[in-house]
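Open the structure in your viewer and follow the stops below. Each stop says what to select and what is there.

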Amino acid sequence: MANFNIDSKKARTYDAIVIGSGISGGWSAKELTEKGLKTLVLERGRDVQHIKDYPTTNMMPWEFEHRERLPKEIADANPIAARCYNFKESSMHFFAKDNEHPYIQEKPFDWLRGYQVGGKSLLWARQTQRWSKYDFEGPARDQFAVEWPIGYDDLAPWYSHVEKFAGITGNKDGIDALPDGEFLPPHDLNCVEKYFKEQVSKQYKDRHIIIGRAAHITEPQQIHLDQGRAKCQHRVMCERGCPFGGYFSSNASTIPWAAKTGNMTLRPHSVVHSIIYDDKTQKASGVRVIDANTKEMIEFYANIIFLNAAALNSNLVLLNSVSSRFPNGLGNDNGLLGKYVAFHNYRATVSGEYEGFLDSTTDGRRPNSGYIPRFRNVYKQETDFLRGYAAGFGANRNTYNDRNGLGESLKAGLHETKYGNWSVGSHMMGETIPKESNYVMLDKNEKDPFGMPKLRISVDYDDNDEKMIKDYMEQVSEMFTKAGFTNVRTNDNHRNPGNDIHEMGGVRMGKDPKTSLLNKWNQLHHCKNVFVTDGACMTSTATQNPSLTYMALSARAADYAVKQMKAKNL
Amino acid sequence: MERRVALKSMAVAMGAMAGLPSWASGWNKSAVAKSGLLSADQSKNLTMIVETIIPKTDTPGAGELGVGDFVQKMVKDCYDSKAQASLASGVSNIDEQSIQRFGKSFVDASKEQRLQILSDIEKSSDATQKGFFSMVKNLTIQGYMTSEYVMTNITHYEMIPARYHGCVPVKKG
């Protein structure tokens with residue numbers, strides 16, 4: 001019996017454990033397995049294998065019985081998920097259902113989750129911009145949160161590393177506030193977008209309109225072909241899963257790559273309960289897992305643990321990892337675990353029309369759009385609010401059919417496509433300030449269906465956000481008007497925090513263990529073999545779509561972890 | 001190499017299409033019960049209503065393309081109970097009007113008579129009737145424009161454009 005236990009424990013022992021298989025977990029798994037570590041990847045949801053498990057990917061529009069509209073019963077049962085732009089008849093099977101995964105909203109917060117292998121990497125918007133040095137220097141310069149323990153130069157080589165493998169399309173724009181990367185050929189800006197770019201550069205010194213940088217393969221390199229991925233086919237149905245692997249997802253890229261090394265064990269249906277802390281070694285020795293099907297608790301062991309459960313779930317796992325040494329959660333000596341949560345402010349949009357280029361239109365579809373890099377407070381403080389915003393920008397030629405009348409006249413109208421003006425639109429992506437009062441914590445009584453404490457979320461906008469919304473509306477309206485756009489309108493959609501799906505923080509990086517949880521290598525200050533490299537680690541949010549930065553941080557931390565392990569420091 | 005990978009990927013994906021696994025179809029099954037919203041007679045009337053809105057010419061009309069069933073399914077699955085009730089009463093009301101005005105049920109009325117009834121309802125000052133008709137007309141247009149026939153033969157939908165050109169001349173005619 002004793003021998004049996006020893007064997008069983010041995011079978012559950014690995015070099016490394018990665019918790020989560022989304023964007024960052026996939027990267028941790030790839031890097032650790034490539035460097036020879038026997039790695040267990042734990043995923044709380046079901047397995048989703050590339051192509052095989054994309055059931056809607058090749059369905060024609062008429063094959064959806066509700067033409068992608070949500071049946072009322074599903075929309076009513078999932079009000080949080082249904083507020084996401086991507087929750088559709090064709091993609092809803094990749095979203096966690098509201099009632100199966102409850103949490104407590106102290107303030108309204110839309111927590112959108114993808115519980116399956118690949119996580120939200122199947123659903124993401126695929127925009128991938130590097131942070132600039134001004135983004136990393138923000139908290140120190142403007143004296144909010146704490147200073148970042150790393151700067152742009154620390155991450156730049158790792159941005160290159162992940163960009164080459166993932167495949168990023170973009171144009172080398174040479175903009176100081178938005179560094180260029182390792183780009184595949186860019187998508188086209190259309191005629192009105194190019195016109196706006198020229199107008200803005202004439203009217204403003206520091207404002208730019210560029211084509212978005214996005215994780216799409218526009219010209220496959222050998223490294224992409226080696227992954228079995230092909231050129232993006234411009235279907236723009238990414239949220240169904242892409243049979244070409246045209247955009248980056250864990251499912252198409254990092255997870256099969258890690259599997260091919262022979263060093264990965266993937267265990268779906270594994271809800272991580274907590275990380276096990278060993279008082280003797282003063283390190284983590286493994287994790288406790290609740291099997292999602294049997295509800296049985298199982299322990300797995302490893303030298304190194306990467307926590308990539310997605311920002312708020314990584315907070316939850318650490319808060320639930322209590323021991324006599326860490327009664328308030330793993331690594332939480334300063335009581336700041338779960339605090340200083342932030343997100344991106346997507347509340348405002350500006351729209352308009354352009355009456356030029358009426359003899360021109362676009363052809364095909366584009367899985368990308370124009371982008372306005374942040375221009376506010378980049379070099380110095382110049383407004384009555386802190387930080388700034390980036391913005392999306394796009395133009396489309398309007399087409400319509402005459403829907404008047406009935407019978408043959410209506411039918412004739414429907415068969416003729418007419419061209420209207422161009423429509424132009426923009427949405428803001430504002431940096432929010434991490435605050436102690438924006439936090440997550442465990443509920444003391446209520447449990448979820450897996451027996452985990454329910455997460456209480458208390459996150460809200462503040463006065464800085466309101467001022468930024470006003471400024472974005474004024475500035476972009478002015479840019480539109482100066483370019484000769486008409487019918488310029490602003491809108492505040494009052495979306496809940498979390499609906500941006502860019503929640504960050506709670507386990508922030510910093511120089512000082514008294515005021516931060518993680519060091520410059522994403523290690524817990526007080527438990528050095530635990531690395532947190534998803535959104536939870538973020539000290540501030542900048543304005544960039546965050547996934548590329550999580551990829552780079554994960555690869556960088558994995559490299560460091562393996563070196564430290566080989567030097568017997570872990 | 002690239003093309004071969006793509007074709008292989010497509011073949012696997014096609015294989016996956018054969019049947020949705022239970023976790024994918026599980027979303028729909030309970031919401032889409034077998035029984036319809038309308039009686040058999042009402043369903044026939046609705047089919048004639050959509051065919052009157054978009055009739056057969058040298059190409060099929062909405063009735064032939066199954067848009068009546070689409071309208072019914074959408075109202076049943078995606079609309080609230082008030083809209084569902086208004087569909088049933090609206091369809092019956094049209095039949096009653098036909099009998100009153102022309103002495104025959106809507107499905108037996110002439111094309112001109114059917115058009116006259118619907119056109120009067122569209123211009124009606126009665127908000128309930130107008131609301132009913134606008135819902136049915138919009139869904140008829142949606143069902144027709146997104147039907148396999150129209151997307152394949154008339155609007156030439158491209159599943160895989162494989163391109164984006166930002167500035168091309170508008171095609172004349």
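Select A:Ile23, A:Ser24, A:Trp27, A:Ser28, A:Glu31 and A:Leu32 in helix H2(A), then A:Ser547, A:Tyr550, A:Met551, A:Ser554, A:Ala555, A:Ala558 and A:Val562 in helix H13(A): these two sets meet, contact being heavy atoms within 4.5 Å. They divide into eight nonpolar, four polar and one charged. Here Ala, Val, Leu, Ile, Met, Phe, Trp, Tyr, Cys and Pro count as nonpolar, Asp, Glu, Lys and Arg as charged, and the others, Gly among them, as polar.

This is a predicted model, in which local features need pLDDT of at least 70 and side-chain atom pairs pLDDT 80 or more, while totals for chains, interfaces and linings use all residues. Residues are numbered from 1 along each chain as its sequence is written, chains are lettered from A and ligands numbered from 1 in the order written, and side-chain values use heavy atoms, without hydrogens and water.

Next, show residues 23–34 (H2) and 547–566 (H13) of chain A as helices; their axes come within 8 Å and cross at roughly 30 degrees. H2(A) is therefore roughly parallel to H13(A) (an angle under 35 degrees). Helices are DSSP runs of H or I, at least four residues, and axes are lines fitted to C-alpha atoms over the stretch in contact, with angles from 0 to 180 degrees between N-to-C directions.

Now display both chains. 66 residues of chain A are in contact with 69 residues of chain B. In total, the count between chain A and chain B is three salt bridges (a side-chain nitrogen of Lys or Arg within 4 Å of a carboxyl oxygen of Asp or Glu). Finally, select B:Lys73 and A:Glu65, whose side chains meet in a salt bridge at 3.6 Å, N to O.

Definitions and conventions. Angles under 35 degrees count as roughly parallel, over 145 as roughly antiparallel, 65 to 115 as roughly perpendicular and the rest as oblique.
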